[in-house]
Amino acid sequence: MHGLFRWSSKWWPGLIPLAILWIVAAWTSTAPLEADLAARSNASLKDTILDKRRIEVDGRDVTFSADAFSEDGRRSSVASVEATPGVRLVHDETRLVPEAKPFVWSAERDVVRLTLGGSTPLPASKNRLTEAARAALGGVEVVDRMGLARGAPPRFDAAALLLIDQVGKLKDGKITISDTSVSLSGMARELGGREAIAAALKNLPEGFSVAANEVKAPPYVFQANKDPVAVTLTLTGYVPDNSVHAALATTAGRKFFNEKVVDNLKASVGAAPGFANAVTRALGALSRLSTGSLVVSDREVRLSGDALYDAAAGQIRGLARELPQGWTAKVEISVKPAAAPVDATVCQQLFSELLGKGKIRFEAGRATIDPDSAGLLDRLVEIAQRCPGASIEIAGHTDADGEDGFNQALSEKRAQAVADYLVKAGLPADRFKAVGYGSTQPVATNDTDEGKAQNRRIDFLVR
Amino acid sequence: MMFLATFHWGWLVGAVLLGFAMGWIAVVHRGQGVSKTTARWLSLLVAVLIAVALAHLVPGRFGYWLDLGLMLFAAYLVGCAVGSWLRDWVVSRHVAA
């Protein structure tokens, strides 16, 4: 042992190469050591949920900064960096993610993009919401402006996911969660969308409530376009249900006896009350026009086109009065220029042709003209105007059902009702002679319903 | 410490070998050794450096370099001790023979 002390006094010359060795070792090993420590510190944190994680290594000292989502998570993350072999000191610059109060999250939809904003509780839920938004709105750009914050209400993710599904039903608008209250505004993409959203909101997780639902439905539009060239009536837009659809199709077929009805209607909820009534009236007005279009939007009726003569234009402009309460009408009617005058024989031909296509209808057993026949009568007026010199006999006929006396009287009254219509349209009364023939001049058998229907008729005879 | 030893085993082996060579020579070296006073002061210096290293007083890279230096020095001393002892054993056997 004594020898060791003696020899050790002569060990010092080796310190010079040792110092060189030390310098070389320090020179070459520092950077790899720091990289190794940084890699292993990061690896030790891979299961810990942190935001803005940053690890800097200086020698063997680690500066660790991150935003943690709970105090426990923060402490355990620092502890796991400290436990990394080789780390000498940890400068703890971690902090908790700021708490949001109130905790607000929003999804805003416009034409081209969906912007997610506000706060989410964890990076995972942020990603999940972004993914869900991409899936729900295929093709629409999703902009993620969400931050991270503590203080989310329980079941926040479930609520936000449910609301993201609803954003898909909006054309534009905004959905906001503030703590546990949900508010919605904007315009639904389709008819029924507003109702679908309201129904879905009932499934919000426990604790959440709807503070305001101001989602508007898009206008409920029904359109009819009368094309005199193609001789078609095109119906587009929405009807409340199949029974209204069938009723309107039947009415349209009767009113537009000459036109082919092209029916492109779809059934959807959301019609204003009195829809069927208003549309029936408006179609009646359209049927009296030579060309025209009808747009029913929510409770507004817009009708434009050309009436066949002045008095008709005046009557059609009064459409608003016929509509149910709360409905408005915008009527823009001009009068079609009068057609060239023709011979009495041509007039007779035109009357026969027209009455061959459609019949003037009356209420059963009465002399009241069915409103569905207004379009036909207006066309009869127009023809009568073209031969101003001709006298016209309006002949009423019935089928053979019932008593002869009643049928005679009914046929006279019906013929008179038609004559009155023509006079009201501005034609001189002395041109018309209303005659009733009862069931004495059948044109078909009275044994079948079909034959009877043909026998019940009004004929125009130019004298 | 285990980490540093595994990370720097090459350098440490170098320091041990250097120490072994120095220790081998020191036994038969006739030159002047360090005086007792200087040795005391040097021991004190090393003790202070060890204390500073253990207390983590030097920050960042300098702290790491200090640790590295002390480890190399320790390895060197071990090498010296083994070298001197072995040389002494060889020399004394030779003399006896």
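**Close-up views of chain A**

**View 1. Helices α4 and α5 of chain A in the predicted model.** The axes of helix α4 (residues 123–136) and helix α5 (residues 156–167) of chain A come within 9 Å and cross at roughly 20 degrees. Angles under 35 degrees count as roughly parallel, and α4(A) and α5(A) are therefore roughly parallel to each other. The crossing in which α4(A) passes α5(A) is right-handed. From α4(A), the contact is made by A:Ser125, A:Arg128, A:Leu129, A:Ala132, A:Ala133 and A:Ala136; from α5(A), A:Asp157, A:Ala160, A:Leu161, A:Ile164, A:Asp165 and A:Val167 take part. By class, this contact has 8 nonpolar, 1 polar and 3 charged residues.

**View 2. The open sheet of 6 strands in chain A.** The strand order is β14-β13-β12-β15-β16-β17, with mixed pairing. Strands β14 (260–267) and β17 (328–335) of chain A stand at the edges; each has a single partner strand, so one side of each is left without a neighbour in the sheet. From one strand to the next, the twist averages 5 degrees.

**View 3. Pairing of β16 and β17 of chain A, with the helices packed on the sheet.** Strand β16 (residues 300–307) of chain A pairs with β17(A) in the parallel sense over 8 bridges. A:Ser304 has A:Glu332, in β17(A), as its bridge partner. Helix α7 (residues 242–255) of chain A packs on the sheet and touches β13 (232–239) and β14 of chain A; the direction of α7 makes about 165 degrees with that of β14(A). Helix α9 (residues 310–317) of chain A also packs on the sheet, touching β16 and β17 of chain A, and the direction of α9 makes about 170 degrees with that of β17(A).

Notes: Residues are numbered from 1 along each chain as its sequence is written. Chains are lettered from A and ligands numbered from 1 in the order in which they are written. This is a predicted model: local features need pLDDT of at least 70, side-chain atom pairs count only at pLDDT 80 or more; totals for chains, interfaces and linings use all residues. Axes are lines fitted to C-alpha atoms, for helices over the stretch in contact, and angles run from 0 to 180 degrees between N-to-C directions. Helices (H or I, at least four residues) and strands (E, at least two) are DSSP runs, numbered from the N terminus. Angles under 35 degrees count as roughly parallel, over 145 as roughly antiparallel, 65 to 115 as roughly perpendicular and the rest as oblique. A crossing is left-handed if the near helix is turned anticlockwise from the far one by less than a right angle, and right-handed if clockwise. Two residues are in contact if their C-beta atoms, placed from the backbone, lie within 7 Å. Ala, Val, Leu, Ile, Met, Phe, Trp, Tyr, Cys and Pro count as nonpolar, Asp, Glu, Lys and Arg as charged, and the others, Gly among them, as polar. Two strands pair if DSSP finds at least two bridges between them.
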